[in-house]
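Biologist: Thanks for sitting down with me. Could you walk me through the charged pairs here, one at a time?

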Amino acid sequence: MAIIQQLLGNMGVAGGGVNALRGESNVQGSTDHCLLWHIWPGCLKTARASNTTLAAYNEKWTPSSKDPLSANWWQNYPKYSVSMLKSFFGEKADVANEFGYRWLPKVDDGAVYSWFDIFDAMYKETIKGFFAWGQNPACSGANANKTREALGKLDWMVNVNLFDNETGSFWKGPGMDPGAIKTEVFMLPACASVEKEGSITNSGRWMQWRCRGPKPLGDSLPDGDIILTLGEKIKEVYQEDGLYPEPIANLKWDYATDGTYDPHKVAKEINGYFVKDVTIKGKTYRKGTLVPSFAFLQADGSTSSGNWLYCNSYTEKGNMAARRGQEDAVNNIGLFPEFAWCWPVNRRIIYNRASVDAKGVPWDRKDWVVYFKGEEKDGKYVSRKWIGDVPDGGWYPLQNPDGSWRDDAKHPFIMRKHGHAQIFGPGRADGPFPEHYEPLECPVEKNFLNPQMVNPTAAVYATKADAHATCDPRYPYVGTTYRVSEHWQTGLMTRTQSWLMEMQPQMFVEISEELAELKGIQNGERVNVTSARGKVACSAVVTKRFKPFMMGGLTVHQVGIPWHYGWRWPSTGKEDSANLLTPSAGDPNTRIPETKAFMVNVVKV
Amino acid sequence: MSNAFFIDTTRCTGCRGCQVACKQWHDLPAEKTENRGTLENPPDLSFSTYKLVRMRETETDGKLKWLFFPEQCRHCIEPPCLETAQDESAIFKDDKTGAVIFTANTKNLFADEIIESCPYNIPRKAADGTLAKCDMCNGRVTNGLLPACVKTCPTGTMNFGDRDQMVSLAQQRLAQVSKKHNSAQLVDADDVNVIYLVSEAPALYYEFVMASAGSHGLSRHMALRKMASPFWRALRQLA
């Protein structure tokens with residue numbers, strides 16, 4: 001998608017780019033703040049074992065370009081990594097201890113620690129304890145039977161959630177023998193997002209502050225309070241007799257006000273402080289004041305910032321994300337610059353200087369994003385002024401009005417090493433260009449587009465729970481999974497709602513009229529959908545919306561199932577997750593599971 | 001001047017937000033349902049379901065269409081139910097909003113007779129014979145709020161306002177939609193305060209989309225009803 005948009009010139013323009021449709025309102029925010037194993041906050045790299053010192057780490061991940069017109073913004077990497085460490089460890093972080101870098105865990109070079117790998121490790125009994133925080137892996141992850149079995153091999157599990165779910169109660173789920181399971185399960189009741197204060201960041205990177213609505217019910221707490229209290233207790237225990245206590249004992253952990261979690265303190269920590277008096281360009285910033293933007297961050301330990309991308313979001317002017325200004329910008333394209341706040345530095349469209357020609361004039365004169373309006377003298381620009389969105393770097397345009405090239409300009413793609421968009425994508429396990437492969441399970445014995453059948457670098461796992469079956473007469477139909485508007489995620493917040501259950505009461509499988517006839521299945525009848533990994537009972541929905549199709553001279557039937565159900569609710573216990581069927585196979589770069597194409601059978605009960 | 005709905009089915013995605021919003025505002029209980037081989041549920045309007053999105057799959061010229069019809073009371077300009085009941089304490093019309101309202105006193109009516117009178121097959125009865133249906137969220141509307149179903153609709157399907165405005169919006173949209181769909185039409189627009197725009201033949205959406213298929217619409221239905229009403233009243237007295 002990114003390659004197509006680049007070729008079409010749809011980068012940095014209004015309505016351009018690629019907008020990820022997320023499964024949840026704060027996916028952007030949570031990944032910005034280190035949800036994924038391979039990146040630290042602000043897209044900094046997780047340290048590898050081979051990055052033995054902070055200097056080596058910074059050296060490894062700071063790119064350099066010989067092109068004087070490349071901004072190469074990541075050259076600032078050490079400022080962001082050191083400021084992050086200062087946020088983590090506060091006054092305990094100093095030059096002598098590499099700002100605490102040595103206390104952070106490093107991942108083995110070449111190893112992968114994705115979702116699949118975590119459950120694989122549990123299954124193999126190398127991980128023995130588990131916090132399931134706001135998730136329901138017994139239903140949400142591909143190959144859920146393997147996940148459920150893995151949970152049974154743990155010593156302990158802490159389930160942090162609104163309600164009991166299929167994960168917390170896995171030990172009494174279908175096919176389980178509670179007497180044989182040793183896992184000790186703790187339930188920490190959390191409140192819902194509307195019952196707590198904080199921010200979410202949407203796919204457009206707008207960080208929006210939200211006030212608390214109703215108070216949390218019963219003993220439930222905002223997860224900020226849960227993690228803060230846990231942290232305090234863990235610090236206590238480590239200080240008493242912890243093995244290698246420094247990483248935990250030295251953690252800065254002062255985010256409470258009057259004994260409860262204070263989201264403003266965390267938001268300010270994420271923005272960052274001057275931790276000593278700092279003079280920059282003749283202006284002195286006092287110790288303890290908030291850093292105005294990431295351009296002020298330093299690599300010498302004089303500033304902190306939990307996430308440099310969010311530096312500028314909570315400043316001495318206040319909480320920028322809480323703004324609710326209704327005025328649009330001068331270009332009137334829906335930027336609303338004073339509504340909430342957008343990273344970086346409230347820039348609403350990244351790489352927006354790609355929307356202008358070399359002289360700073362928009363390609364699109366109607367829905368323009370930025371426009372260079374500096375003064376001109378004798379065919380040369382003599383002052384700098386951009387209007388519209390916050391420009392992606394306020395440098396002069398590449399060319400003067402008379403067509404001469406400037407040497408004080410920068411290319412527009414400032415986060416790329418050389419300042420240009422890239423079609424060739426180095427660093428991908430299966431790169432540099434996209435290629436079509438058949439799924440791990442497929443109905444044909446041959447890839448009709450190239451001689452390589454499946455992606456040779458795809459992630460596959462080898463336990464006996466990772467069975468797969470391709471071109472296997474026992475599983476002759478293509479299966480796919482999707483969502484319905486009535487249920488959300490694994491359904492924990494919707495399967496408990498009677499009005500929603502009235503509309504979507506049961507797990508179902510959608511099949512074509514042709515397949516129904518072939519199998520003698522009546523509309524509405526209960527059937528079993530099976531794969532090499534599991535079995536799910538479904539109501540058959542015979543529909544014109546599914547049609548058999550031809551593939552290499554073969555008639556292929558496809559069926560579709562929603563993924564939101566689980567045995568815990570509804571109380572019949574007869575509905576369960578589509579992920580009992582899906583394979584634990586993942587793409588080689590991010591381990592996105594292959595839950596959209598796999599092989600199944602549909603059989604009458 | 002009354003209010004009216006304009007329901008633009010060409011914009012409906014079948015999300016059923018309207019269906020839930022209706023239950024929530026009226027605090028109606030969920031029905032015990034099962035998947036019947038369709039995503040449409042509950043199976044019918046009922047004493048506790050005033051709004052229901054009908055879903056039909058149809059193929060014309062080899063092209064598949066999944067048609068959604070958010071069904072509700074049409075708040076007829078001359079309501080046959082009201083005419084049949086002849087009891088303003090049970091069924092009345094709020095002249096300010098145009099809402100046709102059923103009260104608890106519908107229990108005293110001949111429920112089947114009222115149901116039979118409706119050309120759109122809308123009213124439903126409880127076990128004790130009390131009747132219920134969409135009330136235009138009259139309580140909300142008279143307090144300056146939109147009906148719950150309109151408020152929640154994210155696609156522009158559900159619209160509500162002064163009848164004049166809705167009629168003009170409906171005609172505007174009809175003109176646009178007609179460019180692509182020969183069968184596009186406004187359903188019974190002169191007779192009802194819930195004006196549907198459909199892009200296909202009404203019968204493809206659901207049995208009771210129009211007052212009656214063919215030449216005689218709601219007006220004729222009403223005329224017949226009026227002719228017969230003395231007969232019904234006599235029957236009622238006998239009972």
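Modeller: Gladly, and keep in mind that this is a predicted model. Let's start with A:Lys604, which is partly exposed at a relative accessible area of 43%.

Biologist: Which residue forms a salt bridge with A:Lys604?

Modeller: The closest N and O atoms of this pair are 3.0 Å apart. A:Lys604 sits in strand β28 of chain A, and its partner in the loop between α12 and β22 of chain A, so the bridge ties together parts 79 residues apart in sequence. The partner is A:Glu525.

Biologist: Turning to B:Asp8 and B:Arg173, are they buried or exposed?

Modeller: They form a salt bridge with closest N and O atoms 2.7 Å apart. B:Asp8 is in strand β1 and B:Arg173 in helix α6, so the pair links parts of chain B that are 165 residues apart in sequence. Buried means under 20% relative accessible area. B:Asp8 has 0% and B:Arg173 has 14%, so both count as buried.

Biologist: How many salt bridges are there over all chains?

Modeller: Some share partners: B:Glu40, B:Asp44, B:Arg54, B:Arg56, B:Glu71 and B:Arg124 are joined into one network. Over all chains, the count of salt bridges comes to 35.

How values were computed:
Residues numbered from 1 in each chain as written. Chains lettered and ligands numbered in written order. Predicted model: local features only at pLDDT ≥ 70, side-chain atom pairs only at ≥ 80, totals over all residues. Heavy atoms only, no water. Salt bridge = Lys/Arg side-chain N within 4 Å of Asp/Glu carboxyl O. Helix = DSSP H or I, 4+ residues; strand = E, 2+ residues; numbered from the N terminus. Buried < 20%, exposed > 50% of the residue type's maximum accessible area, 1.4 Å probe, protein only.
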